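User: Could you walk me through this model before I set anything up with it? I'd like to go from the overall picture down to single residues.

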Amino acid sequence: MNENKPGASQNLACVFCRKNDDCPNKYGEKKTNEKWNLTVHYYCLLMSSGIWQRGKEEEGVYGFLVEDIRKEVNRASKLKCCICKKTGASIGCVAPRCKRSYHFPCGLQRECIFQFTGNFASFCWNHRPVQIITSNNYRDSLPCTICLEYIEPIPTYSILRSPCCKNAWFHRDCLQVQAINAGVFFFRCTICNNSDIFQKEMLRMGIHIPEKDASWELEENAYQELLQHYEHCDVRRCRCKEGRDYNAPDSKWEIKRCQCCGSSGTHLACSSLRSWEQNWECLECRGILYNSEDFQKAKKHTLPNTNNVGITDCLLEESSPKLPRQSPGAQHKDLLRQGSKFRRDISTIIMELGFQIKKKAKRLWINKANIWNSALDGFRNQNFNPSYTIEVAYVNENDNFGREHPGSKQEFLSLLMQHLENSPIFEGSLSKNLSLNSQALKENLYYEAGKILAISLVHGGPSPGFFSKTLFNCLVYGPENTQPILDDVSDFDVAQMIIRVNTATTVADLNSIVNECYNYLELIGCLRLITSISDKYMLAKDILVYHVIKRVQAPFESFKQGLKTLGVLEKIQTYPEAFYSIFCHKPENLSAEILSDLFTVRTLSNVQSLGFWNSYLQAVEDGKSAVTMEDILIFATGCNSIPPAGFKPTPSIECLHMDFPVGNK
């Protein structure tokens, strides 16, 4: 196949339709094989009724062998077009008992429909598929959602309706041009962005969707500007002696871009960032994210059910000898587009979950002396909704007057998380797993624990930080895909048994251990016949899996159901790397730098408040005060650590003409 030369095929007529028009949008590409003196339109060739694609893509013309084309031209020369009355009509209507034949351009002119899928069927004007609308409630004209010209919302050959959006109407010509430019990967409904249902219907109605990349992706250097990284320090006081544009990777003078907009930057040292992995937002984005009361996340509109029908299924739902051309690497790109997932920052994820919280408030009356039971009473109340804003009022059961005192939600959630960590439903020292507590199971406390943990995260409370890696992996990947370790066993006797099994050196020693623990092994279903010393590994694994996972299956399922509250479990399973840091690790220790960055200092004209505040923090960090960093944060917020979602509003320092500090918590 010789490539076209500029103007070489302009005056050569297609051997099928005998027209020399070169209009790719209407007739497909026009190709000339100079060796065989053969010129064809791609659509004329593709839709011809008596030819099959027997060669490879590079053979003949688009995979159609030259001898087959000659035979088809010879067959068509005996057929007269029912429209122009000339011979060479290679395309026939597939409707039973319909004998109409026509050229491809003539068929377009007479509004025939050609389906570029399956067996590449063609339908004449009497038998073509139509779009059926049960009721027409449209009295006024509606715009074509591509060209925006007003059209009558009545389905005809020239006017098509979206199958997934009832108010989306198109010109056929607009759709065809868009399909050719967008290709199979980007051709979709202009309203709801659905591709599967939309493409299937458009293929049925005769729109050709080429299997190629979008035209805008094929332009050279089309996205060159996206490869340019912003490298400028925008903080008010840049500490770098080399200037704001200086960037030294893997050092404190490396520039970190805003995680939200990417159009502002800071040196790590200028914003007291310890590593490049730490999150940083510019002042503008931070103001939008944390301080704007009107900032609401738009609800996502779910797409119609696509029944998992992909475009490849549409094109290949019937075995066909004709295949549309596919650009190199197109299938690989499609898989990348479908399977790609991006790492997310934990604060952003928690913030998104927080958009579920409504302004309607629910007050909880909490007794500090019995915080767990009073919290359970509040959460189990039939009027409690986890998506309502939580207000806390502290009460004292010994107060005969029933007085209540406004409390801090963060303090309440922090105390609740501390109680949860030390409760009998968890076992272990630092990294904890679920325990088997029959009373807790009977009272459904495992479910309540999962629910409380989810509520704490979404409502701005602290993260647990005490989960074992095994428990976290069970939540994310399932118990069946998790292998526990010896450190997960908190029972001393069971741990010693596993150690003895693993350290046995002979079959006799191993059998002695089995006989000694016979009743226990039989009870837990781990009794096995020992034939070689290598059996010890399977025995130790069985005991470990039973004690850590199978033994607590019922508590785990109950806890898991509670964690589904407000969609938290789903987010954990979607972004496990982000949640692992807050579930299995305690927050970093507070420092003077962290608190200095956290608090906004509102200064007075006659008071050097900023300098005093920073000096005070440094003195506390150096141990020159009985106060700790945690005390300061608790005094201002009720929390002893910064929660994953941060604080809203952010803590602030304001100098007053008073002798003592005042906390609004």
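Analyst: What follows goes from whole-chain totals to cores, cysteines, a hairpin, helices and a few loop residues.

User: What kind of model is it, and what was left out of the values?

Analyst: This is a predicted model, in which local features need pLDDT of at least 70 and side-chain atom pairs count only at pLDDT 80 or more, while totals for chains, interfaces and linings use all residues. Residues are numbered from 1 along each chain as its sequence is written, and side-chain values use heavy atoms, with hydrogens and water left out.

User: What about contacts along the chain?

Analyst: Taking contact as heavy atoms within 4.5 Å, 61% of the contacts between residues at least 6 apart in sequence join residues at least 24 apart.

User: Which residues have the most contacts inside the largest nonpolar core?

Analyst: They are F379, F412, F467, F559, F579 and F583, in a core of 75 residues. A nonpolar core here is a set of buried Ala, Val, Leu, Ile, Met, Phe, Trp, Tyr and Cys residues joined through side-chain atoms within 4.5 Å. Helix α14 (residues 445–458) gives the most to this core, namely nine residues.

User: Take F559, what does it touch?

Analyst: Leaving aside neighbours within four places in sequence, F559 is in contact with F426, L434, Y446, Y447, A449, G450, L453, F467 and L475. There is also a second, separate core of 34 residues, which includes V40, C81, A95 and F104.

User: Switching topic, how many disulfides are there?

Analyst: The structure holds zero disulfides, a disulfide being a pair of cysteine sulfur atoms within 2.5 Å. For C261, the nearest cysteine sulfur is that of C258, 3.7 Å away, and C261 counts as partly exposed because its relative accessibility is 37%. For C270, the nearest cysteine sulfur is that of C233, 4.0 Å away, and C270 counts as buried because its relative accessible area is 10%.

User: OK, what does the β1 and β2 hairpin look like?

Analyst: Strands β1 (residues 30–33) and β2 (residues 38–41) pair in the antiparallel sense over four bridges, given that two strands pair if DSSP finds at least two bridges between them. The bridge partner of N33 in β2 is L38. Four residues lie between the two strands, and N37 in the turn has a positive phi of about 55°.

User: Where else is phi positive?

Analyst: K85 has a positive phi of about 65° although it is not a glycine, and K85 sits in the loop between α3 (66–76) and β3 (91–92). K85 counts as exposed because its relative accessibility is 55%. L148, also not a glycine, has a phi near 70° and lies in the loop between β7 (142–143) and β8 (150–151); L148 counts as exposed because its relative accessibility is 58%.

User: Which residues of α6 are buried?

Analyst: In α6 (residues 196–204), F198, Q199, E201, M202 and L203 are buried.

User: Last one, what surrounds V494?

Analyst: V494 belongs to helix α16 (residues 492–503) and counts as buried because its relative accessibility is 6%. Beyond its neighbours within four places in sequence, V494 is in contact with V489, Y520, I543 and H547. The C-alpha atoms of V494 and Y520 are separated by 9.9 Å, with the two residues 26 apart along the chain.

Terms used
Buried means under 20% relative accessible area, exposed over 50%, partly exposed in between (1.4 Å probe, protein chains only).
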